[in-house]
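Dear colleague,

I am handing over the structure below, which is a predicted model. Please look through it first, and then read the notes that follow.

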Amino acid sequence: MSAPPVRTLADLDGDVLAHCAGYLGARDVSSLAMACRPLRAAAYCDAVWYRLFRGNMGTIKGFSNIYCSGGWQQLGIGRDQWPFEEVPRGALGLRELYIRRHTEVHQMKFDDPLSAIYHLNPAEATPSRLMLDRNCIWVCQGPVAKKLSVDWPEAEVVETHRNHGARITCMRLFSLSDTPLFRSDTQKNEKALVTSSTDRTIRLCWKGHSRCYKGHSAPVTALADKLLADGEFKVLASGGEDCTVRLWSMSTRAKNHPLIATFHGHEKALSFLSVARHKSSLLVSSSKDSKVKIWDTVAPSSGSSSCVGSTHINSSGPPIAMKCHESLCYMATGSEVTAIDLRTMKKASVLALHNHRILSCEMLPSEWLICTGTKNKALLWDIRKAQELPNTVTEMQSDGPVTLLHLDRYKVVTGVPSDGQVHVWETRTGELLNTLSCGEPARSGGRITVSAMALDGCRMVMAGSSPEGSVLHYRDFLRSSTPIPLAGEEVSRFWRPRQFGENDDENEDEDYY
């Protein structure tokens, strides 16, 4: 008896493939389209992109989506993605419509984001560091770290950590499952906070739980941007003014003796630590004198024997920023951004700004982009062209020193602390898209200054201070519906955003959120 013919996913009927694609998110649908022609046809199906546009797919509490001849019918699914955006009946090109809308909200090209302002205790220090993960904000105020949860229009403090005895110098977020505080699968989506301080300690915090790591003999100034891989467990790297790099085990078995190794070799305080992207066991460190070293953390031995590479960048100032991408390490110092090949520890390229001293720097090597903040402008570089066409650069003008900077594939955000506002620019063209103020100018008398900012996709939080106290201003552009008018365009004062449920046809998908 002959064996049945082998069938593959591509042998399925097109409608079946489209039905399967409907259970995927936008990123997975895009990946599906690159597999083969039948899967590409399924991934480009309008029914799939209509569902992505109107709501999030999934199975919640026993409910699911059903694909009928008329399209996707949502049953018990969560919130709509963009409920105020109408999808024309019978419209073609829903994939393009989704991409355009997704781009616009990430570029913050709207006047009506969800906005929440939280007033901090005037007796506490001005916020110096911010991190944002969806609707959760982490803020540092001197030795205190807080977590706020935004449930629009309110924001409330849900965690306060007063474990440090001095100013916090660095903070990171890591998956709780990679830390010794992890207990069950119900916590797998939680994040743990790691902070370093001038009190020479490192703290791992989550809700009411905390771990302290002691070993540095001077203030801790740097934490690695990722956890190192060490077989089953993860390893945290730290650096300090004692010129050492230390490795700490995140294993629960190492509760009493978490220090794994101490690396010596730097002569100045550590500035940055980054895990090499081409090999997760390699750690890159830079110090105040612009010396860069790479360490092999597999079976580490204390001392300098684990150092497998070193180089020095001639600079008039300390490092401003450092980022690893594939086998390269990019470091901004003085008026240059240098790319170092970690395999040879030689310079791969140098981006020189000549008369512009770098005050801030953000890097997006995956898109070949680097943005530098200077005394009166931000400069956006395509590093593929920098050597051939040194003048190929987008300039974003500023009224002062650009010390606040963010870069992603959709936008550049620049800020001058004394302005009390930030500017949003289009990444590819440098076109000004939006200007966002911090707090309520009328209440603060227009004297507010911005001390920090953080972004996560289409969300932003700014920390500001004024004589009346400090504030956190959170904005979420995902549900925005009022576009910013173009120059010279007059907007009717009678216009208002369409409210969900107005003029909806009875046959439209029902929302159960």
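**A helix pair and a glutamate**

Helix H2, which spans residues 26–33, packs against helix H4, residues 46–54, at an angle of about 160°, and their axes lie 11 Å apart. Because angles over 145 degrees count as roughly antiparallel, H2 and H4 are roughly antiparallel to each other. The crossing in which H2 passes H4 is left-handed. On the side of H2 the contact is made by Ala26, Val29 and Ser30, while H4 contributes Val48, Trp49 and Leu52. Sorted by class, this contact of H2 with H4 consists of five nonpolar residues and one polar residue, with no charged residues.

Is Glu159 buried or exposed? Its relative accessible area is 9%, and since buried means under 20%, Glu159 is buried.

Which polar partner does the side chain of Glu159 find in another side chain? The partner is His161, whose side chain makes a polar contact with that of Glu159 at 2.9 Å. The side chain of Glu159 also reaches the backbone nitrogen of Lys207, at 3.0 Å. Leaving aside residues up to four places away in sequence, Glu159 touches Ala145, Lys146 and Lys147, together with Trp206 and Lys207.

Conventions: Residues numbered from 1 in each chain as written. Predicted model: local features only at pLDDT ≥ 70, side-chain atom pairs only at ≥ 80, totals over all residues. Heavy atoms only, no water. Axes fitted to C-alpha atoms, helices over the stretch in contact; angles between N-to-C directions. Helix = DSSP H or I, 4+ residues; strand = E, 2+ residues; numbered from the N terminus. Parallel < 35°, antiparallel > 145°, perpendicular 65-115°, else oblique. Left-handed = near helix turned anticlockwise from the far one by under 90°. Contact = heavy atoms within 4.5 Å. Nonpolar A, V, L, I, M, F, W, Y, C, P; charged D, E, K, R; others polar. Buried < 20%, exposed > 50% of the residue type's maximum accessible area, 1.4 Å probe, protein only. Polar contact = N/O pair within 3.5 Å; in protein donor to acceptor, adjacent residues only side chain to side chain.
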